[in-house]
Amino acid sequence: MKPTQQLLPHGRILRYTFHERATHWVAAISYIYLLLTGLAFWSPWLFWIAVLLGGGQISRMLHPWAGLIFTLAVLYMAVLWARQMRMTDTDKAWWRSLREYITNHDERMPPAGRYNAGQKLLFWGFFYCALLLLASGVILWFTEQVPWNLRDLRYAAVLVHPIAALLTIALFMIHIYMSVFAERGAFGSIIHGDVSEKFAQRYHPGWYQEVVRSSEARK
Amino acid sequence: MSQATLRIQKMSGHAGPVPGESTQREYTVCKLIDTTTCIGCKACEVACVEWNDLPFGETVFDNTYQTMPDTRWNYWNLIKFDEHEREDGTFMWLMRKDQCMHCAEPGCLAACPADGAIVQYANGIVDFQQDKCIGCGYCLTGCPFNIPKFNPETKRVFKCTLCSDRVSEGLEPACIKACPTGCLHFGSKDDMKELAENRAQQLREHFNFPQAGVYDPPGVGGTGVIYVLHDASKPELYGGLPKDPKVPISVRLWKTPLKWIGNLAMVLGLVGLFGHYLRYGPKEPKEEDQTPKEGEQR
């Protein structure tokens, strides 16, 4: 992303490029499908979801393919964002003032960069869980191909897959809550790509300074 | 035995009570396999393929008399041949008819997520309902005996039905009918257990098999197929029959504690987030509500 392109007219700032938004939505849509079909296989009380989505057989057939798409999207996100997701000292301070964040005193938070420490946790949580889900998922996909003397792989997979999935569900619920309900403007930014100056100043002051400084340097 | 034996008492992936759950039957059915009188003729293998009208599959020759290494989706009944040298140097030929054990507490049924794809009838038979099977293969993981087999073409799993269709009509399973030596018996579990114990005692007292005994593993709640073995202390000798089969610990952890912890955590998470919204609301500060909208400022 070239810095000069980031300050937009009408006090808007470009936060996510089209590239980033598209990657996000490939991951998001495949994840939601995986979540729904996965929950259907998880509990008999939710098996009706699989029925709604075309039946248990179709859900079983498509779930692994959606998983592949999701993993590829997450890996590509790592290419895009891994550098920006590195933990810094500010992040440590951010975690220490988590109470202020939870009680909406964002002005008392240490100045977050493009991503705050919580977003970094979300990213790395999803990244490592996706790897675990892929490894266990491949075993579950081709269970019948796993030879009997390697059956421990199957036993591990049926535990690892739901545990990793549950962890992503925890992250997912917080992610949806923060982006749709808590931070107004966040959901729009992943669709249109831009945020207001106020949004940037309030939630990502470090990033805002950076954007302003680098665009001034260009002038 | 009548059609009433097909009343279902356990059902896979089922939300809520199972019809017939509390059904009390006078007896559960049982197949007794006396490995000491099996001659390895494979009449039971043929009878199984014939009665169930299973498509022909190629056999695999590996320098033994065994038809193929393992049962298949279209070959539910296989005699496992093992050459065994006893401690005194004498040779024994161990032959064990391998098929579904029809566990009282079936691991396949516990692992299955599809509503009603695996059922246990009131007479104890564990049966797969292929129309409801989603082909996930979890039953392969749940079974400690390596019995359910996946058909890659139809993406469904198959195994021995203990000829539930014949049994419901008062007939014995096809393999029993075909056996020429009488090493296969069929009847109530109590009767078969008694017959097996008597035979084991006979082997111990009169045939110099001091370790002879009955295989009815308690780890899966007992089975609907029981064996008389020359040496019940080493069932592994008989084509890898597990000594103390149990539903795998990971399957049990996954299906009970993890399920409840996970469900509780998901519900508490939703309640917690909703509670947070009620208490603190969105992060947008109040004073900004009065200022003009973004875009109108410049």
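**Close-up 1. Antiparallel pairing of β1(A) with β2(A) in the predicted model.** Strand β2 comprises residues 12–14 of chain A, and two bridges join this strand to β1(A) in the antiparallel sense. Within the pair, Leu8(A) lies opposite Arg12(A), a residue of β2(A).

**Close-up 2. The open sheet of chain A, with strand order β1-β2-β3.** The sheet has three strands, and their pairing is antiparallel. Its edges are formed by β1 (7–8) and β3 (194–196) of chain A, each of which pairs on one side only. Strands of a sheet pair through backbone hydrogen bonds, in either a parallel or an antiparallel arrangement.

**Close-up 3. The contact between chain A and chain B.** Contact is counted here for C-beta atoms, placed from the backbone, that lie within 7 Å. On the side of chain A that touches chain B, the elements giving two or more residues are α3 (56–81) and α7 (151–182) of chain A. The largest share is that of α7(A), with 13 residues. By residue class, this side of chain A consists of 17 nonpolar, nine polar and seven charged residues.

**Close-up 4. The two assigned domains of chain B.** Domain 1 of chain B spans 3–246, and domain 2 spans 253–284, according to the domain assignment. Taken over C-alpha atoms, the centres of domain 1 of chain B and domain 2 of chain B are separated by 44 Å.

Notes: Residues numbered from 1 in each chain as written. Chains lettered and ligands numbered in written order. Predicted model: local features only at pLDDT ≥ 70, side-chain atom pairs only at ≥ 80, totals over all residues. Domains from an automatic or database assignment. Contact = placed C-beta atoms within 7 Å. Helix = DSSP H or I, 4+ residues; strand = E, 2+ residues; numbered from the N terminus. Nonpolar A, V, L, I, M, F, W, Y, C, P; charged D, E, K, R; others polar. Pairing = 2+ DSSP bridges.
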